Amino acid sequence: MGIASDALKNFKGFNLKNMPEVEPVSPGHRACQGCGEVLALRQAMKAIGTNAVVCSATGCMEIITSPYPQTAWRVPWIHVAFENAAAVASGAEAAYKSMNRKGIINQPDVTFIAYGGDGATADIGMQALSGALERGHNMIYFCFDNEAYMNTGIQRSSSTPFGASTTTSPAGKKSSGQSTWKKNMAEIAVAHGAPYVATATPAYPIDLMNKVKKASLVPGPAYIHIYSPCPTGWRCGIDEGIEVARLAVQTKVFPLYEVIDGEYHLSRKVAKPKPITDYFKPQRRFRHLTETEVKYIQDRVDAEYEKLIKKCVVEEKKKEKE
Amino acid sequence: MSKPIGIEVSIAVAEAVGLCDVDVVAAYPITPQTHIVEHLSELVADGHLNAEFVPVESEHSAMSACIGSSAAGARTFTSTCSQGYALMSELCYIASALRLPIVMAVANRALSAPINIWNDHADLMYARDTGWIQLISENGQEAVDLSVLAFRIGEDQRVAMPVQVNLDGFTMSHVVEPIEIPDKEEVMKFLPPFKPKYRLDPANPMTFGAVGMPDIYTEARVAQDEALKATKPIIQELFDDFAKQFGRQYKLIESYKTEDAETIIVMIGSMAQTAMSAVDAMRAKGKKVGIVRIRVFRPFPAAELFEAIKGAKNLVLLDRVTSFAGGEISGPVALEIKSVLYDKGIAPKTGNFLVGLGGRDVTEQNFEEMVDRVASAKNGDLPAYEFINVRE
Amino acid sequence: MAKETGIQSWKDLKFGILITTPGNAAELKTGDWRSMRPETDREKCTKCGQCYIFCPDMVYSKDAEGYFPQNYYYCKGCGICAKECPVDAITMIQEVD
């Protein structure tokens, strides 16, 4: 039994008939039409509720929700800089811990959230995230991964997938888009010993919201990596974001799983995986790929998935009965 | 009233911060600030200070965590200098713009390269434009008193601004001086609980750090500028309150033997202590010399400074930092003072000297040499600035 | 007008342009952005809630009968709801201005 399993012993999740009604993020925000990231943010915050303090990195979600004099935030929210959401949240969490202990305030159940995009998390914010995870603050970190620095014009990040064309890894005569494999942030969080780590996507909203709820119940740091479709940057139709995210799961490009006290649990078995070409089809950022490149990617996706499966515990409904 | 004890200045500063009952300390070690944060850790570990000590993984995260903590409504402290200051500097602008009363002790140290861990004002000057209130101490007692005052000043609802307490690295931080550590009850009487006007509170949600488009950024800057302007009289008022309670009176500008001085040396920091001995020696020889020391560097007290120096024929302006401006204009402190003189329409003979860089001592003899140099020079003969004690 | 466009006197600003009215972005009519609008055929609708949970702009909310009517003030016309509806009850039609 670990601290996460203990905390989640009697966990009761959401379902389609029982979804949280609260909307901590208001409409009227300036996101693009069909933005999958703000949808992910909305779903996550619905699962958190209003007893929270949110620390944001610079990025799409920050810009679209805080154009002075308007704010889409119905919960306390602070934006400081690009690379330090995790550190700001660490300070806020420490402050509440100290003030509660000293009797200055009586607000012991506030949830502390830090979030950033893939750039703010995997690149410039790695250090702050690492520090926060290592120090064990009671907080949740969301990485809203739309696979590039979208807010500043679709530049590549270390989370951009191999072969994707971005404005700083463009497909050209001498280049075939991103030349490195996507950095695995969830694994990095697991390596830090975070008691709860999960991957999620808004195409599976109940799964996402339940994982967020679990993260909020687990003491210590939780990390959730949320695959967030961006029609603007991925160049798919504005109504296709959810479908692309679903395909990412169905083609094993983005497997959904949880790591609870270091134990891997697959959230969604992909019994009949679709070929990667199905995933590439709606997105113009992959249009330039050759057959060889597609094969390389397919093989690597398969291999990574196998590696993950080997780590996962066998689903144990039977075991529990024994 | 307590009696003075022999105590290392860093430890005394940490004790003072402890007496202020901070809620959060988020800090990263860097020589020569280390004893401050080490002692604060000890105070927390032994239960003398009920605070969260957040051992952050860099100075950038230290200031980030301080911003999060102060915005959440907690009394917050950190400490750094030199490279650490440079690393957190982007956040210092944000901390002041968000009007968060973080207190930071800076054990002034030179900037690389070459790497040098000794005393210099490079980090102090780096911070000039960040919107923080800058207090500069000259000796251990002042460092302790200004630490307590820093919380009182910053957290005052009329101020609501972060405050730096500067003390010279090694030259002050690591020396043992006789210091009166105030009583806990007296400090608590002087320093009421921190009651921020705005904080991160689910019961009253607010948005900190919104996007300021061109149509509002200027107004935001004007508002911050006006706020910093307004702090000058409040700082003196709180200095006076401190004097009433603790018996030690501080002013924005300190003058020493300037009443009939023909030559005034203007400086900041602990070298003023040596300067005072030098002035006593020069006075004994019949030289009419005095010292003006700037204790509050931001907001810059131009009016008070002018009153203090206006009578002098010669000004010796000291900078303990190099600002690479190409050789034709003076160092930063000298520039600020000359700007005040120009605006007032007077032009005494001025010499600017870059001294004590990277921990090199400024001796009594150096002071006498600089005074003689300026006093004997013809008007217009002095360069924009000069280094002293250079091995040619 | 001044409040919406942020044109205020510096004296009206709170510390660091703090915004103290939570969720006031809801004043902005993002519905002006769209060129298509979703219409729901209630005969086909099974009240599953997918449109509700997939809308990035919180256009849908549950009514007393369990249906999910649109709040067109905010709808940007992205079409996710129409695409995701499992029974094709939602159609995107051209916005008539």
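Visitor: What makes a stretch of chain A count as a helix or a strand?

Guide: In this predicted model, a helix is a DSSP run of H or I with at least four residues, and a strand is a run of E with at least two. By that rule, the secondary structure of chain A comes to 13 helices and ten strands.

Visitor: Why is chain A, with 322 residues, said to agree with a compact globule?

Guide: A compact globule of 322 residues would have a radius of gyration near 20 Å, and chain A has 19 Å, so the value agrees with that expectation. Taken along the principal axes, the C-alpha atoms of chain A fill a box of roughly 65 × 60 × 40 Å.

Visitor: What makes a residue buried, and what percentage of chain A is buried?

Guide: A residue is called buried if 20 or more other C-beta atoms lie within 10 Å of its own, and in chain A 58% of the 322 residues are buried. As for contacts within chain A between residues at least 6 apart in sequence, 70% of them join residues at least 24 apart.

Visitor: How do you know that chain B touches chain A, and which elements of chain B take part?

Guide: Two residues are in contact if their C-beta atoms, placed from the backbone, lie within 7 Å, and by that test the contact takes 39 residues from chain B and 40 residues from chain A. Among the elements of chain B that give two or more residues to this side are strand E2 (24–26), helix H4 (82–97) and strand E9 (207–208), while H3(B) gives the most, with nine residues. By class, the side of chain B that touches chain A divides into 23 nonpolar, eleven polar and five charged residues.

Visitor: How many residues of chain C are in contact with chain A, and which element gives the largest share?

Guide: On this side, 29 residues of chain C are in contact with 30 residues of chain A. Helix H2 (50–54) and helix H3 (80–84) of chain C each give two or more residues, and the largest share, four residues, comes from H3(C). The side of chain C that touches chain A has 16 nonpolar, seven polar and six charged residues.

Note on methods: Residues numbered from 1 in each chain as written. Chains lettered and ligands numbered in written order. Predicted model: local features only at pLDDT ≥ 70, side-chain atom pairs only at ≥ 80, totals over all residues. Nonpolar A, V, L, I, M, F, W, Y, C, P; charged D, E, K, R; others polar. Rg over C-alpha atoms; globule rule 2.2 N^0.38 Å. Buried ≥ 20, exposed ≤ 12 C-beta atoms within 10 Å, placed from the backbone.
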